[in-house]
Amino acid sequence: MIRHIFRKDIALGPRSPLLLWALVLPVVLTLVIRVVFGSLFDSEPRLGIVDLGDSAVRVAAEDLEGISVSVLKDIETLRAQVESGNLDAGLVLQEGFDDLVANGDQPPLGFWMAGESLASDRIILGVTALDLIRTTSGIGSPVAVNIVPIGEEGLELSIRLLPLVVIMAVAIAGTMVPAASLVQEKERRTLSALLVSPATMRDVLAAKGILGVVLAVVTGVITLVMNDAFGQQAWTLVLAIAIGGVMMAEIGLMLGSWAPDTNTLFTAWKGGSILLLFPVIFTIWPTLPQWIAKLGPTYYFLQPIFDLSVNGATTSDVLGQLGIAAVICVALLPFVGMAGRSLERRLAGQTRPSPVAN
Amino acid sequence: MNTSAIKAIISKDVRAFTRDRFYLFMTFLGLAFYVGIFWFLPDTVNETIEMGISQQGLEAYFDTLVEEDGGLALASFESAEALESAIRSGDGPAVGLAFPSDFAASVADGAGTEVTLFVTSAVPAEVRGALSSMVREMAYLAAGNPALVVLPTETEILLGTDRAGDQASLQETMRPMFVFFMLMIEMMALATLVATEIQTRTVTAILVTPASVSDVLVAKAVLGTVLAFSQAVLLMALIGSFGANSLVLLFALLLGSILVTGFGLWAGSVGRDFLSIIYWSVLFLIPLIIPAIAVLFPGTAAAWVQAMPSWGLVEAIVGASAYGDGFGELAGPLTHLGIWCVAAFFAGMLALRRKVVRI
């Protein structure tokens, strides 16, 4: 019976905007985080070069670390790009520039800065350009710079946002799909029709729950693959996502059993989802006290996913946390059963014929 | 046109809106959330490289450097050890240069010397590279070598409006995004009202009263615009956006409200229930939000971004609130927004009219 209900939900699923949204959301979020957060907060100074000869300066500039270099064809385009702020600086290397510098002819340097560029970027691009010209001309400087790194390398913001993308993917698919499916069945009265068939409430909940778990695993895996976070411990990662999917599906079933209509479901989700999502805040800002994150149930599958994907943890490193997540899943089962029985009673109350006055 | 019928329909819809827990909750939650986030965002742009320095006899060079380039702030330390210790403790700057005491003499003699650059992981690669370059250039010139190239003058080098020290902060560039999300909530609320009326056939009941189809359309359009406009104005007031050019901003917000009302009427006409309304609204949201994201990045938006219906609204909000632009400077974006407004509004009205007439 569970199989029949599951197959019905799968067959009707593609018509549901929520299912489509659950599948599209991880892709959209990944793109947004990659494009916006990947470059917005770590934006590199942008240098445009027009090389009218075949200058070694241009070749060396293209290898610069931390500076975005674009080679343009003509001076007018370069000037327009700098003026509009699409480039922070523009460098024109005239024909035979390298020879003129090497011969000590002091050629005029075609160099522009964008008015919109940051003052710090102006310094960076200015001194870098002069240093490049000198070093590529084979003229040395009487000083060596010894770089001493201090402290450990931190993780990029786009990587620290990975748990947020994962929880959104797993929670929307795992929680909202079964919850919305249950609520819609209630609204359309098809749930009552199902329950007069040999299917029990347990079958209905199990089928909807399995749908949520399957979708959560699929979207979770897609998210990790898109974020290049599918590390060495692939099966442990899938296990962590599956445990997370089960936890989210159980919460979805309780929510769907309780909510009388779609509006209430979404209101509850918007208001209450912070309780599920808050552990990700502590990965985004690692300086916050990390013990607070452990108060959230989702921490126990999100942290292993993060550790396995980013921090190079092994299966044995995360087994303890995954064990706690599994215990939470088991502990939630009686509550899912209670929510189902409560829903059954409410449905029975609605379908019972009203007393007729004699 | 029956004014009393329009008023009656609007007051009925206002009651329906206030009874809808989701949109009422989302309106207040959204307002509180965006206002809260806004005041947490940085209100200035850090354009300065803050650097610690340990040196002897190079004061004149660094004083000139700081004076000429506003992008450098220096903190002096007595020794390399003191500088390193301050960086390690996190109390000092994230980057520091330690010059040997005989630096000037060594480079003047042509003898090699070494400068230590302390950097934490927070220092980006380009800053590390630039500081190394700066030291090498400094030593090269200090050794009495001639400049390799003739640099352009300060007036020749700078193109466009000089925004150094006057950059739009993240707070200012995020304003359109917040307004946009607020307008979207109201667009979805209007779409849900319209869709519910169509699905429950309330609109048919209204049409057997003296109210005409035009009255229904006008009532929905007015309600949608007023809802969106009032929320947008309230949000902008709470995030301190109204200044010298309030009139331009209000005009842009009014046009933006009409724009999303057009899309809301459209989504309400094609959507069947709550979920399909969200689906259609998100389909509209994705292209409409692109200009608000584009403005976060430096430079001019690509031509296809500038063709988006919401580009004019975003430009007008940033221009009026961050740079103090008036009607003259924003004539282009406002005209663009106005054209899209008319198009979206009539498309929405047409979609709703067809739906109402059919049922």
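This tour moves through the structure selection by selection.

The model is predicted: local features need pLDDT of at least 70, side-chain atom pairs count only at pLDDT 80 or more, and totals for chains, interfaces and linings use all residues. Residues are numbered from 1 along each chain as its sequence is written, while chains are lettered from A and ligands numbered from 1 in the order in which they are written.

**The two chains**

Select chain A, which has 16 helices and five strands; helices (H or I, at least four residues) and strands (E, at least two) are DSSP runs, numbered from the N terminus. Of its 358 residues, 46% are buried, a residue being buried if 20 or more other C-beta atoms, placed from the backbone, lie within 10 Å of its own. Chain B, selected next, has 15 helices and five strands, and 47% of its 359 residues count as buried.

Select the five strands that form an open sheet in the order S2(A)-S1(A)-S3(A)-S4(A)-S5(B), with mixed pairing. Two strands pair if DSSP finds at least two bridges between them. The edge strands are S2 (68–72) of chain A and S5 (158–159) of chain B, each of which pairs on one side only. Within the sheet, S1 (residues 46–51) and S3 (residues 89–93) of chain A pair in the parallel sense over five bridges. Display A:Asp51 to find A:Leu93 of S3(A) opposite.

**A second meeting of the chains**

Select strand S5 (residues 143–150) of chain A and strand S4 (residues 113–120) of chain B, which run parallel and are joined by eight bridges. S4(B) also pairs with strand S3 (residues 95–98) of chain B, here in the antiparallel sense over four bridges. Centre the view on B:Leu117, the bridge partner of A:Ile147 and also of B:Leu97.

**Two packed helices**

Finally, select H8 (residues 162–187) and H10 (residues 201–226) of chain A, which pack at an angle of about 160 degrees with their axes 8 Å apart; axes are lines fitted to C-alpha atoms over the stretch in contact, and angles run from 0 to 180 degrees between N-to-C directions. H8(A) is therefore roughly antiparallel to H10(A), the term for angles over 145 degrees. Among the residues making the contact are A:Val166 and A:Ala173 of H8(A) and A:Leu211 and A:Thr219 of H10(A); residues are in contact if their C-beta atoms, placed from the backbone, lie within 7 Å.

Conventions:
Buried ≥ 20, exposed ≤ 12 C-beta atoms within 10 Å, placed from the backbone. Parallel < 35°, antiparallel > 145°, perpendicular 65-115°, else oblique. Contact = placed C-beta atoms within 7 Å.
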